[in-house]
Protein chains: 2
Amino acid sequence: MVALVDTGLLGDAPALPERVELQLRERILAGDLRPGTFLRPDRLAVELGVSPTPVREALQALRADDMVRALPRRGFVVAPLERGDVIDLFAVQARITGELAARAARALDAEGLAGLRVRAAEVDALIEAGEPGDLAQAERRFHTALNRASGARKLAWLVGRAAHYLPPRFYTDRRAWRTATVAAHRTLLDALAAGDPDTARAAMEGHVLDGRDLLVAHLEAVGFWDET
Amino acid sequence: MVALVDTGLLGDAPALPERVELQLRERILAGDLRPGTFLRPDRLAVELGVSPTPVREALQALRADDMVRALPRRGFVVAPLERGDVIDLFAVQARITGELAARAARALDAEGLAGLRVRAAEVDALIEAGEPGDLAQAERRFHTALNRASGARKLAWLVGRAAHYLPPRFYTDRRAWRTATVAAHRTLLDALAAGDPDTARAAMEGHVLDGRDLLVAHLEAVGFWDET
DNA sequence: GCGCGACAAATCCCATAGGATATGGTCGCG
DNA sequence: CGCGACCATATCCTATGGGATTTGTCGCGC
């Protein structure tokens, strides 16, 4: 539908396969492409207004993420995703993210803490103002900075994967999420400043599980798990 | 080097991008392509004897796995992987796999248990005989069946990712691994038969951590973390 | 000698065309 | 009504090419 090949001035923007991948992720989680749906590369290419090449590359990336499955010579299908799967995945994400917060509480120096306060202030400001697009970006930057502060690079990447299941607009316009987020960030920063790993861990786990509840509610709302 | 496009009778074999992906994984973990190395699609295509298209698709899959990183308009680089990263990742894998074993201990019925015994017997037999290739396949089948018996599909997939870091030949010819594996499988099966989740969990966690130690030792041996 | 800007070469990224191969459906036959 | 062969369709990979961008080199001025 919408032209993806637009701008011309790309800068360091992700390449086309990555944008197609994101697009497909959103369509799957939006309930547009339910589990079991066949994805035909050529058909998708026409719909997205690009050539089959980047579409196939995006599908390979989604396969590596188990979002779709490859059936050799028969195309791709959207992978199953039960309610229990979401619960399990976010339980793992919560544990890891909590661990990262705990490590950050031990490792963080004054400079890093100041940087996190700035990020958190940006999120708060955008929540006050109400700028959905920028809010999602600010929230991601806050968490990225926090996870990076833990010093565990690969674990930080691993939890970043959870964001794949939470496209921006699923939470930025939720009033409940906004208020909970402000409170969670405050608790987190206090714990980090005090060097209190346990409190930081608990606050972060709760924050992640809030995201889980939001995703489950969304998927139920769009009929992701309805019969046929 | 070796032609990947060989057989002609493919059956249900994975498609070319998936085979290229595996090839690249092995070359990275073998220390042939160290972190920071630039990967040029066209160059790799020539080396592997395939066209650039499936190579690019494989690189996109590896990017989704954070094994390589994409630099738009500049190609791909092998992602960093510190010793601490491996420790962290396998700590997570051990916890999850242990959880799956515990669930299996609760959920397994007589039929499933019998199937697992058959798989374990196949592994034992191959260890006696000494058939590296088939052994890796049998081991994978045993664990796949066990993970599937837990009923947690997504978690089962998640731990399957750990196998990406353990190409077959890294363990099948290790005497220590063989004896430890036979013992671990026996303990596991006994715990599953007795419906003892805690023992199953502990046995599985130990089994995974054995794999971790093997990988770390291998990476040190091939100079993966040597200077420059 | 050193930094800096312009040109040239190399490379990536994506589009497109085409052929080999496997799949799924359809039709005819037993 | 079940079953096997044929045919249309789609996938998968190759090959090629062009536009855009980055990188490397050279020469100039300071």
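Keep in mind that the model is predicted. Chain A puts 33 residues in contact with 32 residues of chain B, and about 3,200 Å² is buried between the two chains. Across that interface the rule finds 12 salt bridges, and four aromatic pairs turn up over all chains.

**The A–B interface: area and residues**

- The size of an interface is often given as the accessible area lost when the parts come together.
- Here that area is about 3,200 Å², with carbon and sulfur atoms giving 55% of it.
- On the chain A side, A:R153, A:K154 and A:W157 lose the most area to chain B, and together they make up 22% of what that side buries.

**The A–B interface: polar side of things**

- The rule picks out 12 salt bridges between chain A and chain B.
- A:R63 forms a salt bridge with B:E18, and their closest N and O atoms sit 3.8 Å apart.
- That distance passes because the salt-bridge rule takes a side-chain nitrogen of Lys or Arg within 4 Å of a carboxyl oxygen of Asp or Glu.
- There are also 11 residue pairs in polar contact across the interface, counting those with both residues at pLDDT 80 or more.
- Looking at elements, α1 (16-29), α3 (52-64), α4 (83-107) and α7 (153-160) of chain A each give two or more residues to the side that touches chain B.
- Of these, α4(A) gives the most, with seven residues.
- Sorted by class, the chain A side that touches chain B has 16 nonpolar, one polar and 16 charged residues.

**Aromatic pairs**

- A pair of aromatic rings is described by the distance of the centres and the angle of the planes.
- By the rule used here, the count over all chains is four aromatic pairs.
- One of them is A:F224 with A:W225, an edge-to-face pair at 5.9 Å centre to centre and 90 degrees between the planes.
- A:F224 has a relative accessible area of 3%, so this residue is buried.
- A:W225 comes in at 18% relative accessibility and counts as buried, because the cut-off for buried is under 20%.
- In chain B, the rings of B:Y171 and B:W177 have centres 4.7 Å apart and planes at 55 degrees, so this pair is tilted.
- B:Y171 is buried at a relative accessible area of 11%, and B:W177 also counts as buried, at 7% relative accessibility.

**A:D66, in a loop**

- You'll find A:D66 in the loop between α3 and β2 (68-71) of chain A.
- With 3% relative accessibility, A:D66 counts as buried.
- The A:D66 side chain makes a polar contact with the side chain of A:R69, at 3.2 Å.
- Leaving out residues up to four places away in sequence, A:D66 touches A:A79 plus B:K154 and B:W157 of chain B.

**A:H218, in a helix**

- A:H218 belongs to helix α9 (residues 197-221) of chain A.
- This histidine, A:H218, is buried, with a relative accessible area of 9%.
- Its side chain reaches the backbone oxygen of A:L29 at 2.9 Å.
- Setting aside residues up to four places away in sequence, A:H218 touches A:L29, A:A30 and A:F170.

Methods. Residues are numbered from 1 along each chain as its sequence is written. Chains are lettered from A and ligands numbered from 1 in the order in which they are written. This is a predicted model: local features need pLDDT of at least 70, side-chain atom pairs count only at pLDDT 80 or more; totals for chains, interfaces and linings use all residues. Side-chain values use heavy atoms; hydrogens and water are left out. Contact means heavy atoms within 4.5 Å. Buried area is the accessible area (1.4 Å probe) that two parts lose on being put together, summed over both. A polar contact is a pair of N or O atoms within 3.5 Å; within protein, one must be able to donate a hydrogen and the other to accept it, and residues adjacent in sequence count only if both atoms are side-chain atoms. Helices (H or I, at least four residues) and strands (E, at least two) are DSSP runs, numbered from the N terminus. Ala, Val, Leu, Ile, Met, Phe, Trp, Tyr, Cys and Pro count as nonpolar, Asp, Glu, Lys and Arg as charged, and the others, Gly among them, as polar. Rings of Phe, Tyr and Trp (its six-membered ring) pair if their centres lie within 6.5 Å; planes under 30 degrees apart count as stacked, over 60 as edge-to-face and the rest as tilted. Buried means under 20% relative accessible area, exposed over 50%, partly exposed in between (1.4 Å probe, protein chains only).
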